[in-house]
Amino acid sequence: MKKLWRFRGGVKLPGFKTLSNSASIRQSLIPGVVTIPLRQHIGETAEPVVKVGDHVYKGQLIATSGNFISAPVHASTSGSVIAIDKHTVPHKSGIAEVCVVIETDGADQWHPDIEPCTHPNNLSADELRTRIREAGIVGLGGAVFPSAAKLKPTRPIDTLVINGVECEPYITCDDVLMRSRPEDIIRGILLLRRLVDPAECIIAVEDNKPEAIKALNDAIKKLKIAGVGSVNTIHVVAIPTVYPAGSEKQLIKVLTGKEVPQQGLPYEVGIVCLNVGTTAATYDAIYDGKPLVSRLVSITGPQIKHPANYNVLLGTPVAHLLEDAGVRHVDDTKLIMGGPMMGHDLPHAQVPVVKATNCILAEKAAPLENIASMPCIRCGACATACPIGLLPQQLYWHSRGKDFDKLEHYNLPDCIECGCCAVVCPSHIPLVHYFRYAKTEKAAHELKLKLADQARLRTQEREARLERVKKEQEERKARRKAARLKKKAATANQHNADGAESAAKVST
Amino acid sequence: MAVLILTILALVFGGILGFVAIRFRVEGDPIVEKIDSILPQTQCGQCGYPGCRPYAQAIADDEAEINQCPPGGDAGVQALADLLGSEPIPLNPENGEADDGLPMVAVIDEETCIGCTKCVQVCPVDAIVGAAKHKHNVLDAYCTGCELCLPPLCPVEDCIVMRAVEPSIKSWKWPNPEAVDEGQAA
């Protein structure tokens, strides 16, 4: 039995997992049109490489970027590109970003160049990394960080952590994935392990998913019997069900007792952490040569008639999925992308499913918001619940006062917006909303200062330039004047000389 | 005796002060720098001075009030009052109306531009590029929205207009929860 640690704070939440984890995976039907945003990851937007009118195959590259922190985007089904323009993306703001819109032909035909790799073990580490990058794989746990950027650690790695915790209520896509494709996940891990070369490898699963734990253990056993000896160092570890145990830094603390430094990354303490979905996507990319064009999405919540996990083509409109799953009362339904704790409202149901979409939660409209928030009574429950060890109460005051220096002092940037503080608050203060508000206000303020500095510098440089030009002009003028005087003097001399000569001639 | 001691002390301390004044001389005027760092650097001249720094100098010299900067708004006046230890006063309407907070940039219509270079010369942050008889263009990232290039400077009607910067996910801000709370109560 592996020794486990505890992270501070956290809350126990009702899971609501049985709603969607009992049904088998359902294949969502191909929609008439898929809308694929060109930025589905943290980092730079990819540039389109197709034109309107082009025919595309499933898995064909449609946008790419040379930036290290970026991921290419592929067509999720075959059809023709009918537009490359701005559409609302699944973001709280409802802002439109550039998307490639594909009218599907229903054939769902893979690109002819895509073929399975017969000997993935013969590929070099660099080739593996390139293929993972080119397949557009990003962290599928929700943070959508381009995975290839994680797989080139600059220092030795002790532990590779595969995150199958899935701690938010309602979401079950990782659970169902682990139960349905355990062997693929293990094979994916074996590939990833070659890239980071860790001493050990841990698959962490919350103890409320016994079937997933059993499936993974069985798969390891099976591979061991099949003679894949290197699975020996892969261990499945059941961890206690406490929210937010699935958050990267909290999970690392539970498994190893190590704390990732403030605003640091796991590799600094010798750990690389990847989601199980990412692992399965790596398997697909290397063994089958298939880029990331679909993902598992939990469609669940009290308003859904048939909650289940769907295998969804990226770019499918949420409304198309809801049609299949059935919504009870369309009018008073609130749609959330992600879980109830960290998810955000969708502006409307026409937004597409993206790489980050792990769950579509349909709740009754505004049950919580109806409870008006009461004044803070300084009970300190939020500080006890905070898994980071922040003081949400202080942050709350300073967020309201927009005191950016104080917010920095109380480490606002370290807040992971897990929502524990807001859940335990007896006054129902939407604390996380305040912190998100304060974070964006602070960023806007800093940007304003940066632009002001830039403008100041440019003004100074312009003035210096004007000064220099003026000086140069004056100098040129002075030079010209001097030249003119000299010439005049020279001609006068000549004249004089000529005069003297002629005078001399006359005298002789 | 007492007179002698005091005279010696006065000479010694005077010497120290004189030495310090030369040795630790502060280049420039720090108060002007501080005022300038509060001003929004739009360089629009609405205050009546040819840029933010001259206005900062004027405030430091007690020649100008602190309420002449519309882009800075009331928050700017407040910050200046805090710095200078004076009372905040409302913005002077003669200098123009306060900014509504939406960042604006100038846009040149390439079809109507005649290439007169007037705007290129007046732009305080060199954010307009172009040469005589060639179409000009604004570098969005550097434009401060000062409006100095607008007509009557620009001789062509509807050539240069101000446009709000398009909101993006990066620049989007979460709404204030307090406002949302009140909105629901009402």
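Let me begin with how to read it. What we have is a predicted model, in which local features need pLDDT of at least 70 and side-chain atom pairs count only at pLDDT 80 or more, while totals for chains, interfaces and linings use all residues. Residues are numbered from 1 along each chain as its sequence is written, and chains are lettered from A and ligands numbered from 1 in the order in which they are written.

On confidence, pLDDT is the predictor's own confidence in each residue, on a scale from 0 to 100, and chain A averages 90, with 96% of its residues scoring at least 70.

Now to the domains, whose bounds come from an automatic or database domain assignment. Chain A is divided into domain 1 (18-28 + 118-313) and domain 2 (372-495), and the C-alpha centres of these two lie 39 Å apart. Their contact takes 6 residues from each of domain 1 and domain 2 of chain A, where two residues count as in contact if their C-beta atoms, placed from the backbone, lie within 7 Å. Chain B has a domain 1 (30-95) and a domain 2 (102-167), with 26 Å between their C-alpha centres, and here 6 residues of domain 1 of chain B are in contact with 7 residues of domain 2 of chain B.

How many residues of each chain take part where chain B is in contact with chain A? There are 22 from chain B and 22 from chain A, and the side belonging to chain B divides into 11 nonpolar, 7 polar and 4 charged residues. In that count Ala, Val, Leu, Ile, Met, Phe, Trp, Tyr, Cys and Pro are nonpolar, Asp, Glu, Lys and Arg are charged, and the others, Gly among them, are polar.

Finally, the sheet. In chain A, 3 strands form an open, antiparallel sheet in the order 3-5-6, two strands being paired if DSSP finds at least two bridges between them. Strand 3 (47-48) and strand 6 (73-74) of chain A stand at the edges with a single partner strand each, so one side of each is left without a neighbour in the sheet. Strand 5 (residues 61-64) of chain A pairs with strand 6 of chain A over 2 bridges, and A:Leu61 stands opposite A:His74 in strand 6.

Note on methods:
Helices (H or I, at least four residues) and strands (E, at least two) are DSSP runs, numbered from the N terminus.
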